[in-house]
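Visitor: I have a model open on my screen and I'd like to learn how to read it. Could you walk me through it?

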Amino acid sequence: MKSGKSLSVLIAVLMVLSFAFTVQAGEKGELMMATTTSTDNTGLLDYLIPFFEQETGIALKWTATGTGKALKLGQNCDVDVLLVHAPPAEKAYIAAGFGKDRREVMYNDFVIIGPKSDPAGLKGKNISQALSAIKASKAFFMSRGDDSGTNKKEKLLWKNAGIALPDKEQWYVQTGQGMLATIHIAQERNGYTMTDRATYIKYQEQQGGDAPLTVLVEGDDILLNQYSVLTLNPENCPDAKYDLALKFSDWMASESAQNKIGEFRLLGKKLFIPNAK
Amino acid sequence: MPITSVAETVLTFLVEGFFKAIELLISGDISTWSAVSATLNASTGSMLVSLLTGLPCGFVLGYFDFRFKRPIRTILDTLLALPTVCVGLIVYAFISSKGPLGDMGLLFTLTGIAIGQTILAFPVVTAITAAIIENIDPALKLTLVSLGAGKKDIILTCLWEVRFGILAAAVTAYGRVLTEVGISMIVGGNIKYHTRTMTTAIALETNKGLFADGIALGIVLMAIAFTVNLSLSFLRKK
Amino acid sequence: MASPVPLYTLCRLCHYYGGKKVVDIDEFNIPSGSITGLSGPNGSGKTTFLKLLAFAIAPSQGEIRFNGRREYPMSARVRSRVTLMTQAPYLLKRSVLENVVYGLKIRKDTKKLKQRAERALAAVGLDFDGFHNRAWHQLSGGEAQRVALAARLILEPQALLLDEPVASVDAESARLILKASLAARDKWGCTLIIVSHDLAWLNACSDTRLSMEKGRIFSTHEEIILPPPYQTVQTGSTVNWILPLSNGRQVCLPDKTGETALIPADKINIAREVETQFNGKNRIPVLVTRMALEPKTGRIEVDLNADAFGLTLLLSKEQAGALNLQPGKKRILVFRTRDVFWR
């Protein structure tokens, strides 16, 4: 079959040619970053990073994973710089000799969201009271369960409220997935969950502005969600591009970047508040 | 929730996904096409290497009798069930900066993904080829010897004679490679425009709750697989 | 007979398959340019024997000499000098032409391929233009077998081993296959060794007729097999071996010194029922089932059915006439126990 054979040849040629099109970026002026799903899924980095590349000429590639994995990647020297949101873990990281410089660049807050009907009656309570109410009513609570920055915060909140982590409770659902996925699961099961505000706004945007889950608990100081840039300790990672990482850290704190962070909005709302000093 | 509206919400993203797929293909959306290119790149490279190494190994395993043949076959068949995430982790351990092959800079690259996919595809090609060779009609070898074939001719002619079975092995391996997520995610890092493959893109969109986009990309992936298999189908017997 | 080196010399040839002895030949020669016909029941080792002669497998014990030299499988001197054709037609998955020229291509003998292929196909009665492009799956059984033969004849081998060449084919193909094989012998002295169940045809064209039984070779017309099962009978303190027949009759055999009982053909007398002679002689009633002229030697082949087994004797025209043999007539076979031997 002549036509068949030429089709096969064509496909083969196309496949080989496709090699040519994915040009791997050169080694000079390239930075590899590990960050968390909350920064990536909101679309902030897609919006922000091209400006960095324009203004400094450094190409930045990033991989979005949970905080735990991001820290591990830094420890293994597989990346050059980190953008994470787990301050206690970050400080311990530096103390352990894996990280060098920590620079706070932006923040938002965590909130508890849940169904509008609020069966556990969380509205108006502070965070510790709210968690007690959830435990008492045995309402479904979705946890990230993946040792991410968000998850670490959540565990801290339970501890702070004096409640042992409800690890084996039937109503405590550990999804092991990203924030948006966890929110969707909460929506499915009519449950509560703790999320960062930026992801919540993204979720609202996905739902066309009117989401079944709404913010019920907010405002406590402990709910602060601080994002920082961490450079890696050259003693642990001599091959990591320390100077480029510093440049990135400086740029994130620069007026240009800080303004852009503030300008990033969905549904007219700010997702991250710049707070570099 | 009343039954009809539950069915409505669940099925709508399937339908939405279908139309989105067409839209993505026609509009030439760059993030989609870069993912297509990344997938084709990694899968083609890994298929070529796994065929070049797996075919001779499978032949040797099926053709000759030697002491450890049975245990090797069993181990090989077990490797067919390797979870892709585990392969990803193993490859990561080697190519991580602190790993033995760290200096090669393979982590977060398509080459790294291709290496992992080769490890995935190799047992498939080898095990199926060995099974095919073992089941070769004994009359074939007898005929070849009768016509004066030497060792080299026998091996090459045998492989050609079973080409249809080998094609099946290649198609099976290709399916496994094309649809794997674990290796691409862990070794590649799902970096947009660089190592974001079709499957990691689908995983990402699904994780963000954008199920329709996930389905759309899935349909595009299936379209690629269909096109490749269509071209291969002309190589079949009739 | 002049003694050129026999094509094959077999010495103490033994082959085991799964612990069972399937070929057991003490000493045997096959002359060059001869036609040997081999028959025997299923499982008697005929196919294994051919595979050994084709050097497709190595014998468990013993040696096979080809042209006077001891040879082994894959030996360069044997390759494409000996060729075997399997019972079921088997072709490579390619066109008829590619099948026919395969052997020539691998020995890099590629001059005038098309013409030689045309001649080889013509020898088996296949028209080149109509067939050379056909795919392997577009042929009937008979056509496929003929193509397989053409692929071997084109190599002009010294020995052509045919395993039931006409068993799976139509009558016309059978005729053409046999014609081409015999022509090979005439043209370049090809030695033919043919295994077949078609005894009439085998008898008609073979120089040497062999039978195989349990891995051992017997000269078909010269040694008559008295087949098992054998039994022992106790009379007093002695144990005698017998071959039981129907109607309570039996054949008395000498002490068992081998696996199979045989009697030389020339030690058998054919008598009519009327004659009665006892004393150490065995008498087996037989029915004449078939008589045919063996064109090679002009003798008469007489097939006899003894109920428990069958045998074929070669008689001269005069002998057959004197005994008034005709198909359908009953006779008695008479022979002495001490003429029976074991092997």
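Here is a short talk through the chains, their contacts and the domains.

Guide: Happy to. Keep in mind that this is a predicted model.

Visitor: Let's start with who touches whom. Which two chains have the most contacts between them?

Guide: Two pairs of chains touch, and the pair with the most contacts is chains A and B.

Visitor: And how far apart are the nearest C-alpha atoms of chain A and chain C?

Guide: Those are 14 Å apart, and the two chains do not touch.

Visitor: How do I judge how big an interface is?

Guide: The size is often quoted as the accessible area lost when the parts come together. Here we can count residues instead. Where chains B and C meet, 14 residues of chain B and 19 residues of chain C take part.

Visitor: Which helix of chain B gives the most to the side that touches chain C?

Guide: That's H6(B), with six residues. Two helices of chain B each supply at least two residues to that side: H6 (138-146) and H7 (151-161). By residue type, the side of chain B that touches chain C has six nonpolar, four polar and four charged residues.

Visitor: Now chain C by itself. What is its secondary structure made of?

Guide: Chain C has eight helices and 21 strands. Its C-alpha atoms fill a box of roughly 75 × 45 × 40 Å along the principal axes.

Visitor: What share of chain C is buried?

Guide: Of its 343 residues, 37% are buried. Take the contacts in chain C with a separation of 6 or more: 69% of them join residues 24 or more positions apart.

Visitor: Back to chain A, then. How is it divided into domains?

Guide: Domain 1 covers 29-107 + 226-274, and domain 2 covers 109-223. Notice that domain 1 is written as two stretches of chain A. The C-alpha centres of the two domains lie 26 Å apart.

How values were computed:
Residues numbered from 1 in each chain as written. Chains lettered and ligands numbered in written order. Predicted model: local features only at pLDDT ≥ 70, side-chain atom pairs only at ≥ 80, totals over all residues. Domains from an automatic or database assignment. Helix = DSSP H or I, 4+ residues; strand = E, 2+ residues; numbered from the N terminus. Buried ≥ 20, exposed ≤ 12 C-beta atoms within 10 Å, placed from the backbone. Contact = placed C-beta atoms within 7 Å. Nonpolar A, V, L, I, M, F, W, Y, C, P; charged D, E, K, R; others polar.
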